[in-house]
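Here is a short briefing for a first look at this structure. Keep the 3D view open as you read.

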Amino acid sequence: MKLTLALLAAALLILPALGQEATVRVAATGSASVRVGGEEIMSVSPGLYLHPWQGRSFSAPTDQEDLGSVLTLEDGRVVCKAGVESLAEGLRLSYAMTPSTDLRVNSVHMSFTLPTSLWVGAEWSTGDSEGTIPAAFEQGQPASGITNLAISRPGGPRVVFDSTEGHPILLQDNRQWNSDNLEVRVGPQNGDGIDWAAGDTVTVIVEVDLGMPTEIERDQPVTLEASEEWVPFENRMEIVPGSALDWSHMELADGPAGKYGPVVVGESGHFEFADRPGEPVRFYGVNLCFGACYPTHEQADQLATRLRSLGYNSVRIHHYERDLIDQGADDSLTFRQDQLDRFDYLMAACKREGLYVTTDVYVSRPVKRAEIFGAGEGNIAQDEFKMLVLVSEAAFQNLAEFARRFFGHVNPYTGMSLAEDPLLATLVVVNEGNGGNFVGGLEGQVREAWQQRWNEWLLERYGNREALANAWGDALGAGEDPAQGTVTPTGNGDKRQVDQFQFICQMHLRLFERMRAVLQDELGCQALLTDQNGWTEPLANQVLRGEYDFVDSHMYWDHPSFLENPWQLPTRGWSEGRSAVAAGGAGARDRAMVRILGKPFTISEFNYVVPNAHRAEGGLLMGAAAAIQDWDGLYRFSYSHQQERTFEPMGLSFFDLASDAINQSADRLALALFLRGDLPPAEPLVAMSVAGDLLTADLESMPRVDGPLTNLAYTAKVGTALPGSTGDADVVFGAIDPSANEGVPAEVGPRHSEAMDAALKALRDSGALPAGNLSDPASRWWQSPGGELLINGESGVATLDSERTAAIFRATAGSVDAGGMYAETHGSGGMVWATSVDGAPLVASDRILVSHLTEILSSGMRFAELDRVTLQDWGGLPLLVKRDPATVSLTLDEPGAYAVYALATDGERLGEVAATTADGRLTFTADPGAFETGCIYYEIAR
């Protein structure tokens, strides 16, 4: 196949101001980033889709001095040679892609990625049609099958894409796949696939006229070393008793756990203790994973005390099975007694310190294939077992027996089984087991088991192939017949997908009911039960959640994407290293609609992930969202994955707080806002109403749970309402039938581009939201109902000004006055927060903790580019903190009565810091490199 592709994008003016310049940074792979005023307005790279529509990226640089990249496949690779040259006001990019083996592809293309945060509201035209990029995804492609496309950002000039050789242009809204970008893709596409012969080169040539002076610079790898900018940082792990970092006196954890009886759901729809009815209780904890779940007895006491000192009142035990199971046994149900003893003691230590526990019945236990299928070598992959327990009796019985042995085992240190112990507050049946996650990748015996049950279900529902064909139409293949068991578990077509989701949901409900019988009826388990905490979310899932005791979900910002091999470097974050604040507070808000109104809601995994330069923002965003939404539990993923990392200083990893002082500090802020309650819940309520028959109803399509309403999460409480639970809502959107709307126009559905504006107008008109509230979806501005929190996505700034806690985040350098606090950040911005340690109002507190956060990374950490997004090597100790000083000023009743002390991460005072007072404010310079240990904490004390 010989293809030549030429694309002319003319007059690309992003900002109309005269004198602006564009910078195009070209990576070693040949991909490029286009920036104006320091902000990336688009990126471009080659790509392809293997048939059937399996996306692949050219991400690994070639082993040569010239630009280029390699895409590694199971049985070969594709090499891309790249070229970049200057034009008068832009550049020419060329990609020549050559496979080493025959392939069948749906598309070989060049892809322009445009962040939706910058392009929402953009007007586009194709000659005889036009439209506007909506604030939220709307079904259908904005434009496709065209050869000329013009698009302009609000307030900016046109961007023209012209395919001079007639190749089709596609403007695609990738938010339908939970990606926060638009895509302009140019190249031949074929849904049935095109044969691409080995050695046959496809060349893509793109000319981009940016309409302004343009500098082209070659990106280059960077390795962190100690310097004037990056100074050594000491991460001390134990907390000095009585120090400003010892929060045990706040009594956020009240031991022993279970002293007030088991956790129950109160009439308010929140967690309560059985013996303290009417008093809602919240949990904030960390995940312990793999070897971290099995410390020695001495270490368990040390860890439980430390976690309480850090302010936590709960722990999630996660990925615990691998180190518990005797790998030499004939089954996956025999425990190592030494490990079981360590686990039991850890539970006793947690109970003593008031750390309530949550976990899952199944996470990643290595189940032997022969246990389920009667024969076979090796273990069943964890995602396969998650699917098998939905359809296989042998898999269910294996899961049930594990539950009996693990949760029914009597802990000699507490005298109770975990099932009976009120220490165990909540329990998930299967971690991240939503059936839609994995159905497309099933193979072999697992696929056969799934397909058999699927076909049985179809026969029960339709009776025969003819009735199924009438329902599905062309979506039923010619060779598919449920009576023969030949209808595959996947396939296209709205009605077919409705049935697929309804089948999956009914299997989930059956599993949950059976496991409830085992846990509660057999074992006497007092823990509240739930399931389906990530991540495929058809609307029908909400009906299932109505049967659960509470609702749980997971959330990540910049989770690593593995460019070559799973869980191995190199990696690149899903969010491309960007700031969530600049995206309007993304991440924390994005699971808000999963909550069922009237039921407790937890997020048992969340993180703003290393090495994201802005990850300090996560504590402000997650703590604020959870407080405003009045959620019930948060769990940072994770504290540690290893026993050694839990107790020994080490270099950074993606998730572990034990090594990451930035996210430890971010959690302190979130704890103050959410667990201590420094930010009040919102009063306004926006609900999406769901009918109760979605598991059986004859629907034309199955909507997803997410949508634009989740963006309201900093301004109003939002969630899903099941029948009979919308009485307190100020605004109601019918999930499927907009005629069920209340307070908003009947024609505006919950996924409509006007949904956010309609909801805000209704709240303001009714007085539920103050008329002066600054929330504006188009500008990515969000403000809490009481005005305490303000997120300015346009500027990448977030501020918080509450009675006991204040915070300022800037994605870039600059100054911000947030009322009770002023901060001027230098270099690359960062976070400054302050909280009252003694619980008094901040202006009158005798003891205030301040944290100034820039970046902390590891020595020898290597990245593929100057922006430090593609991680190639973790490096190690010593840690390095970026030395970007900030000016910090706090409003205090008697500013002259205070002294400022720099603190180590254990709370030890390193020395006094000079401060000045004027106009009722105390001002000092926070300098991460002013002390030999490095410094991110300060104590302001009378």
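Predicted model: local features only at pLDDT ≥ 70, side-chain atom pairs only at ≥ 80, totals over all residues.

- Glutamate 908 and arginine 236 join their side chains in a salt bridge, at 2.3 Å from N to O.
- The two partners are 672 residues apart, so the pair links distant parts of the chain.
- Glutamate 908 sits in the loop between β55 (899-903) and β56 (909-913).
- Arginine 236 sits in the loop between β22 (230-233) and β23 (263-265).
- Glutamate 908 is partly exposed, and its relative accessible area is 37%.

- Arginine 369 has a relative accessible area of 17%. It counts as buried because that value falls under 20%.

- Lysine 495 and aspartate 499 form a salt bridge, with 3.9 Å between the closest N and O atoms.
- Helix α9 (residues 494-522) holds both lysine 495 and aspartate 499.
- Lysine 495 and aspartate 499 are 4 residues apart, about one turn of the helix.
- Lysine 495 is buried, at 14% relative accessible area.
- Aspartate 499 is buried too, with a relative accessibility of 0%.

**A network of charges**

- Glu229, Glu855, Arg868, Lys882 and Asp884 belong to one network.
- Salt bridges that share partners join these residues.
- Side chains of opposite charge can pair when their charged atoms come close.

**An open sheet**

- An open sheet has 5 strands, in the order β21-β51-β52-β36-β35.
- The pairing in this sheet is antiparallel.
- Strands of a sheet pair through backbone hydrogen bonds.
- Which strands lie at the edges? They are β21 (222-223) and β35 (560-562), and each pairs on one side only.
- Strand β35 runs antiparallel to β36 (residues 571-573), and 3 bridges join the two.
- Serine 561 stands opposite arginine 572, which lies in β36.

How values were computed:
Residues numbered from 1 in each chain as written. Heavy atoms only, no water. Salt bridge = Lys/Arg side-chain N within 4 Å of Asp/Glu carboxyl O. Buried < 20%, exposed > 50% of the residue type's maximum accessible area, 1.4 Å probe, protein only. Pairing = 2+ DSSP bridges.
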